Structures are given as C-alpha cells and as structure tokens.
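Visitor: Hi, I've got a structure open here and I'm new to this. Can we look through it together?

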Amino acid sequence: MKCFNCQSFTLLSFCDRCIKELEELSLGKRELENNFKVYSFYKYYEIKHLLHSKHHFYGYFVFNTLAQLSFAKLKDFFNPPVCINAIALDDRVENTLYSHSAILTKYLKSKTIKPIFSALQAQNQVKYSGKSLDFRQKNKRNFKLLKEIKNPVILVDDILTTGLSLLEAKSVLEKNKIRVLFALVLADAKV
Ligand SMILES: [Zn+2]
C-alpha cells in the first residue's frame with residue numbers, strides 16, 4: 001500500500017521516514033480566555049493533509065498512528081497525583097464508522113487518566129470548518145453532558161481554531177461543578 005503521508009510504497013499506514021518525521025512533535029501552547037490552556041502536538045500545516053482523513057474511512061488508521069505518536073506520550077511527562085478523566089468534545093460516530101476524537105482520547109489512558117466516551121454531545125451538528133468567527137459565535141454547538149463525571153477533566157479535540165467550542169464545552173462542565181484542567185489538540189491552526 002501507499003504511505004498516507006508521502007504516497008511512497010510501504011507495508012504499513014506510514015513509511016518509516018514519515019513515522020520518524022511525525023515522531024518529532026512541535027509542542028505548542030495557546031491560552032484562551034481566563035487562562036485556559038490548550039496544548040497542541042503539531043503545527044497545523046505539518047499535518048493538514050492528514051487531518052482531512054477524518055472524513056474518510058482510512059482516517060481510522062491515520063488517527064490511530066497520530067494518536068500513538070502524540071497523545072499516548074502525555075503519560076511520559078504528565079503524571080497527575082489524582083485520578084482525572086479525558087473527554088472528547090463530541091465523539092459521536094458518524095458515517096465514517098469511527099470517531100476521530102475518541103481515538104485521540106483513548107490513547108491518553110494511563111494509571112491515573114481515564115477516558116470517558118460519549119460524555120459530551122453537541123446538540124447542534126453545525127460544521128465550523130471554513131466558517132467565520134461571527135458564524136461560529138452565532139451558531140453555538142450546545143453541548144450536553146450525558147455522563148456523570150466525578151474527576152477533574154482534560155478536554156480533547158483534533159484542531160484548535162478559535163477555541164470557541166472548547167470554551168463552550170468547558171463552561172458546560174463547569175456549570176456541572178466539574179473542574180476542567182486544560183485541553184489537548186493534535187494541531188493548532190493559528191501557528
Ligand atoms: Zn511516507
């Protein structure tokens with residue numbers, strides 16, 4: 001088969017050279033309002049073509065590889081003394097038969113980090129991709145909390161653009177007395 005990144009022949013989803021490249025993370029941090037920190041593993045342009053795979057079935061393999069190289073590494077440098085939960089922004093399964101954000105969240109699992117799936121669901125299925133800030137502000141995602149969460153939370157999404165969705169999700173959790181520690185995304189679109 002062909003490497004999803006460079007199209008050269010490979011036996012796996014990615015060729016050795018591209019795996020080595022993707023192993024080199026470009027860790028970033030952006031602060032949203034009220035000092036809410038969002039950490040990213042890649043620069044958007046580095047993996048833009050790979051992020052588009054989420055609209056296709058092959059994205060299942062792409063996101064598993066990316067998550068192994070990035071989200072799975074969190075436990076190497078973040079060891080919370082208490083149990084915390086990881087929650088994807090909206091991990092409902094659509095027509096691609098998997099949820100890309102659930103894949104990312106799954107790889108955070110460690111002794112103290114416990115992913116919880118289908119906890120937050122956007123009631124408004126509006127697509128933000130390519131839309132203006134004004135449009136995003138007028139069309140809120142209306143997140144609904146579907147599970148009882150007892151621990152502090154890390155929020156997970158694939159791309160950080162305006163950060164509005166993350167802030168909206170955070171505020172829904174906080175209204176339910178849940179502490180939101182920070183957010184993790186694969187890529188920050190502003191760097
Ligand atoms: Zn390659």
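Visitor: Okay, Cys3 and Cys18: buried or exposed?

Guide: Cys3 is buried, and Cys18 is buried too. Buried means under 20% relative accessible area, exposed means over 50%, and partly exposed is in between (1.4 Å probe, protein chains only). By the way, this is a predicted model, where local features need pLDDT of at least 70, side-chain atom pairs count only at pLDDT 80 or more, and totals for chains, interfaces and linings use all residues. Residues are numbered from 1 along each chain as its sequence is written, and side-chain values use heavy atoms, with hydrogens and water left out.

Visitor: Got it. What coordinates the zinc ion?

Guide: The SG atoms of Cys3, Cys6, Cys15 and Cys18 do, at 2.2 to 2.3 Å. Donors are N, O and S atoms within 2.8 Å of the metal (3.2 Å for Na, K and Ca), and as water is not among the atoms, sites may look incomplete.

Visitor: And why is the arrangement tetrahedral?

Guide: Because the four donor atoms subtend angles of 102 to 119 degrees around the zinc ion. Four donors count as tetrahedral if all angles lie between 85 and 135 degrees. The ideal angle for four tetrahedral donors is 109.5 degrees.

Visitor: Which parts does the pair Cys3 and Cys18 tie together?

Guide: Cys3 lies in the segment before α1 (16–23) and Cys18 is in helix α1, so the pair ties together parts 15 residues apart in sequence. Helices (H or I, at least four residues) and strands (E, at least two) are DSSP runs, numbered from the N terminus.

Visitor: New topic! Which residues in α2 meet α3?

Guide: Ile47, Leu50 and Leu51 in α2 meet Val62, Phe63 and Leu66 in α3. By class, that contact has six nonpolar, no polar and no charged residues. Ala, Val, Leu, Ile, Met, Phe, Trp, Tyr, Cys and Pro count as nonpolar, Asp, Glu, Lys and Arg as charged, and the others, Gly among them, as polar.

Visitor: Last one: what is phi of Lys177?

Guide: Phi of Lys177 is near 65 degrees, a positive value in a residue other than glycine. Most residues other than glycine have a negative phi. Lys177 sits in the loop between α7 (164–175) and β8 (180–188), and at 77% relative accessibility Lys177 counts as exposed.

Conventions
Four donors count as tetrahedral if all angles lie between 85 and 135 degrees; four count as square planar and six as octahedral if opposite donors are over 155 degrees apart and all others between 65 and 115; anything else is irregular. Contact means heavy atoms within 4.5 Å.
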